[in-house]
Amino acid sequence: MLSFQMTQGQITGEKAIIQNPSENVKATHKECVFLENEVYALDILMSSGEGKAKQGDARTTVFKATDETYMLRSKYSRALLSEARSQFQSFPFTIRSCKDEIKARMGVKECVEHNLLEPYHVLYERPGEFVAQFRFTVIVRSKNNEFVTNVPLNRGIYQSEYSIDSTTDSDLLAAIQQLNKAPKKKKNKNKSKSKNKQGPEKTDAPA
């Protein structure tokens with residue numbers, strides 16, 4: 001699972017955060033440095049099984065246009081790619097949203113084979129296991145990260161077998177408390193100074 005930096009018009013930027021990588025993937029993954037005011041879409045995926053998701057029999061219906069180039073043979077493929085890039089740019093879309101769904105389905109195979117469209121596959125865990133996915137947008141700030149699209153989480157309805165020990169996990173607790181602190185609003189000192197410098201209003205003396 002990858003979480004990408006987002007920029008204007010791009011949901012998969014150059015910087016990426018990888019969740020639970022293998023040793024081989026970790027060796028090839030490019031490290032990055034977070035900078036202030038950068039925006040990231042964080043994907044957190046958890047599973048009660050082994051965490052090895054696989055493709056099932058479900059047909060993929062969501063795609064995203066890439067920057068690759070190739071001379072397509074089918075007129076249906078060319079029409080689909082043109083519509084995807086003009087109507088949806090670099091954002092995901094579903095085949096149902098195309099003008100002609102039947103013709104779009106006829107052209108999607110060639111586009112995917114030549115990496116012109118990136119499919120969003122439906123992944124499965126082992127039968128009987130549970131999978132949970134959370135996605136939210138974060139802006140990197142100098143002191144506290146700002147959550148933009150997170151969904152409120154009612155922690156009272158969940159129970160966990162794990163807990164944090166205040167004696168052994170003091171560093172972790174301190175980090176959590178720091179994140180939960182609300183940023184203080186700065187007072188405008190210049191405004192208050194200008195008010196103090198202004199004296200009482202002058203009035204014209206009677207003649």
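Guide: A search of the whole structure finds 0 disulfides, a disulfide being a pair of cysteine sulfur atoms within 2.5 Å. Cys 98 is buried, at a relative accessible area of 7%, while Cys 32 is partly exposed at 27%. Here buried means under 20% relative accessible area, exposed means over 50%, and partly exposed lies in between, with a 1.4 Å probe and protein chains only.

Keep in mind that this is a predicted model, where local features need pLDDT of at least 70 and side-chain atom pairs count only at pLDDT 80 or more, while totals for chains, interfaces and linings use all residues. Residues are numbered from 1 along each chain as its sequence is written, and side-chain values use heavy atoms, leaving out hydrogens and water.

The whole structure holds 7 of them, each defined as a side-chain nitrogen of Lys or Arg within 4 Å of a carboxyl oxygen of Asp or Glu. One of them joins the side chains of Asp 43 and Arg 135, at 2.5 Å from N to O. Asp 43 belongs to strand S3 (residues 39–47) and Arg 135 to strand S9, so this pair ties together parts that are 92 residues apart in sequence. Helices (H or I, at least four residues) and strands (E, at least two) are DSSP runs, numbered from the N terminus. As for cover, Asp 43 is buried, with a relative accessible area of 9%, whereas Arg 135 is partly exposed at 47%.

Another salt bridge, between Arg 105 and Glu 101, has an N to O distance of 3.0 Å. Both residues lie in helix H3 (residues 101–113), 4 residues apart, which is about one turn of the helix. Arg 105 is partly exposed, with 31% relative accessible area, and Glu 101 is partly exposed with 30%.

Next comes a network of salt bridges that links Glu 50, Arg 126 and Glu 129. Within it, the side chains of Glu 129 and Arg 126 meet at 3.4 Å, N to O. Glu 129 counts as partly exposed at 27% relative accessibility, and Arg 126 counts as partly exposed at 44%.

Thr 60 sits in the loop between strand S4 (54–55) and strand S5 (62–65), and is buried at 16% relative accessible area. Neighbours within four places in sequence aside, Thr 60 is in contact (heavy atoms within 4.5 Å) with Pro 119, Tyr 120, His 121 and Val 122.

Gln 89 lies in the loop between helix H2 (75–88) and strand S6 (93–94) and counts as partly exposed at 43% relative accessibility.
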